[in-house]
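User: I am learning to read protein models and would like to go through one feature at a time. Could you give me the general idea at each step and then show me the case here?

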Amino acid sequence: MFDKWKYRIKNNFDDFRHAWSVIYDQYLQNVVNTVLLRFYTFLHHWGTIFDRAIDIISMLAAAVCFGDIAWQIGFEMTDEITETCVKINGWVIFTFGIVQLYKLLGYWRKPSKAPISEIVYAIITWSFLYFAGGHNLDKGELMPEWQQLLNNSWINGITALLISAYEISRQSLAILTRRFNPMLIFAGSFALIIFIGTGLFLMPKAHIGELSFIDALFTATSATCITGLSVIDVPTQLSFFGQLILVVLVQIGGLGVMSFTSFFALSVTGKASMQNRIIMKDLVSANNISDIFTTLKRIMYVTLILEAITAWCLYVQIGENMPMITEEDRIFYAVFHAIIAFCNAGFSCVPSELNDAFLINSRGIQWTLALTVVFGSAGFPLQSSAIDWVRHRFKVLFTKLFRKKNKLIFRPRLIDTSCRIMFWTHLILLVLATAVFMLTEINATQSEYGFWDRLTESFFLSINSRSCGMAVQDLNMMTPATIAIVIVLMWIGGAPLSTGGGIKVTTFALAMLNLRNTVLGKDHIQIFGRRISRQSIQKAMATIALSFISIIISYILLLTFEPDKMPTQILFEVVSALTTTGLSLGVTPDLSVASEVVLIINMFIGRIGLLAFMMCFITPKSELNVIYPTEGITI
């Protein structure tokens, strides 16, 4: 009996010990897993904070580098200051080298491999630091000429500048991963460039004589927003360095800040997250996510090729019309006005005493600039569709010549409805405006001209009134009818996703088509075999309404601030600023500070876009799942 109970107790004890060990092991495992999970969460949290701190350090180093380069270029330098700037750039490059090593070490715990571009970037950075620091792999000492070359202020500065540009471009892709409003990012990028441009214009070497902060801000805003309005005389009040800053701001503003940085980052790294691609797709108007880099490349290539062709044409014609200027001025005038014309900004760097020989008396230069403005204001979608159409036509021609003639050739819809509307609206407005200007100015500014000269000046005015802002004749000498038509053309503007401003030609075309449908009693707009969506019509009507509201508010404010100016002059300035056209009746330099601020805000809103500016502050709300009864409103 005792043995039996002993056996039972022993078995129960073994079962209890086994159960307890299982419970203990599970509890211990849960504790360990919990500790490990919290540890990994802690590491991830602080790792994320550390990564963001590294990114902030990179941006600060890039800002220091740009400030250092600007200081060297824009201020008077002594040997001691130059040496200090070189040391600062060296520390900036060293900081970027440390950051890049940290980025490369981070790939050890990632399944993906480190990109070749980042490895090459790190090798170049540390090679520069190694050789510029006075070391040599073979002899132990660096040759004096090599060390002197690498520590030259220009070589050192350019190296730091290129590395800083890479870091800023990489950070721009990182910014797109944040949950920010894309329109707010777009507007913020322009505001940042305007702020930087203002600081650059205020540097002593950028201007001649006195330049106030508000005048520098106005000029930077007008350049970045590709407007062309100016409160200063660019050829006389800006130095060569200041004019160079101006044309760079125009180029950046014309292509868009995010397009520049995204193209540079994707060119170097060749990668972007899915969220990057979705946002960039909307910013550059790519057909799909996979076409983003192709679209960015085409934007850059088309811009540079057209500007290069224009610059060459201007270079040749300037040599014929202005043989007295130097070769350096000839090249600068050609490049400056090629960029200005394509980006649709109405600036000029030619002094007033040479302007007659450059523009007024040269019909060839007028046609060159006018056609360049046409290409710039046409917009990238229309440019890209035209390129695809030409390539397809050559492909069809090649197939017919060298292959079977009866072979079936696929004919895609290369030009969509939006591009067709852009093209025909552009063409109709150009033809009608040219014809009307020839009639309204026949007894005024064109009374002594022949048919060809009248056609040239009318065409030049018709295209520049809608986007660029260049003027051959003094607008104050034109008839009131011409001034009224110019205001209407400025309000219409160029094409969407172009360097032109205004409400855009597609918005105007949809408004006219909607008016026609309302008169005829039709419910839907149908054109080119397609039915226009109601959302597009609503956006067009909203854009028109916002433009009128902005013009009315700004017009009333300027009438209050400028009681001595004529109402027509005030209205002209407001429309020109809001539509980023840049034409003026000559009152811009005489405006008060308050009026300049109003025009600055108008230029900024006009460049961002009226609807886009509203979307920066208003979050779209989803519609309620409720459908109310329909009721007609008396109109």
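User: Is Arg 466 buried or exposed, and which number decides it?

Analyst: Keep in mind from the outset that this is a predicted model. A residue is called buried when its relative accessible area is under 20%. Arg 466 has a relative accessibility of 1%, and therefore it counts as buried. This arginine belongs to helix 18, and, once residues up to four places away in sequence are set aside, it touches His 426, Leu 429, Leu 430, Leu 489, Met 490, Gly 493, Gly 494 and Val 505.

User: Which hand does the crossing of helix 15 and helix 18 have?

Analyst: That crossing is left-handed. Helix 15 (residues 363-378) and helix 18 pack at an angle of about 35°, and their axes are 9 Å apart. Among the residues that make the contact are Arg 363, Trp 367, Leu 371 and Val 374 of helix 15, together with Trp 452, Asp 453, Phe 460 and Cys 468 of helix 18. The classes here come to eleven nonpolar, five polar and three charged residues.

User: What are the angle and the axis distance for helix 7 and helix 23?

Analyst: Helix 7 (residues 213-224) packs against helix 23 (residues 593-608) at an angle of about 20°, and the two axes lie 9 Å apart. Helix 7 is therefore roughly parallel to helix 23, and helix 7 passes helix 23 in a left-handed crossing. Ile 214, Leu 217 and Phe 218 are among the residues of helix 7 that meet helix 23, where the partners include Val 597, Ile 600 and Phe 604.

User: Which residues other than glycine have a positive phi, and where are they found?

Analyst: Two cases can be read side by side. Ile 226 has a positive phi of about 45°, although it is not a glycine, and it sits in the loop between helix 7 and helix 8 (234-237). With a relative accessibility of 1%, Ile 226 counts as buried. Thr 580, likewise not a glycine, has a positive phi of about 50°, and its place is in the loop between helix 22 (567-578) and helix 23. Thr 580 is also buried, since its relative accessible area is 1%.

User: How should I read a nonpolar core, and which residues touch the most other members of the largest one?

Analyst: A core of this kind is read as a set of buried nonpolar residues joined through side-chain atoms. The largest one here has 104 residues, and those touching the most other members are Phe 201, Val 250, Ile 318, Tyr 333, Phe 347 and Phe 572. Helix 13 (residues 327-342) gives the most to this core, with eight residues. Apart from this core lies another, of 13 residues, among them Ala 61, Ala 62, Phe 96 and Leu 129.

User: How far apart are Leu 306 and Ile 339 in sequence and in space?

Analyst: Leu 306 and Ile 339 are 33 residues apart in sequence and 9.3 Å apart in space, taken from C-alpha to C-alpha. Leu 306 lies in helix 12 (residues 292-321), and, leaving aside neighbours within four places in sequence, Leu 306 is in contact with Phe 342 and Phe 375.

User: What does the chain as a whole come to in helices and strands?

Analyst: The chain has 24 helices and two strands, and 44% of its 635 residues count as buried. Of the contacts with a separation of 6 or more, 71% are between residues 24 or more positions apart.

Methods
Residues numbered from 1 in each chain as written. Predicted model: local features only at pLDDT ≥ 70, side-chain atom pairs only at ≥ 80, totals over all residues. Heavy atoms only, no water. Axes fitted to C-alpha atoms, helices over the stretch in contact; angles between N-to-C directions. Helix = DSSP H or I, 4+ residues; strand = E, 2+ residues; numbered from the N terminus. Parallel < 35°, antiparallel > 145°, perpendicular 65-115°, else oblique. Left-handed = near helix turned anticlockwise from the far one by under 90°. Contact = heavy atoms within 4.5 Å. Core = buried A, V, L, I, M, F, W, Y, C linked by side-chain atoms within 4.5 Å. Buried < 20%, exposed > 50% of the residue type's maximum accessible area, 1.4 Å probe, protein only. Nonpolar A, V, L, I, M, F, W, Y, C, P; charged D, E, K, R; others polar.
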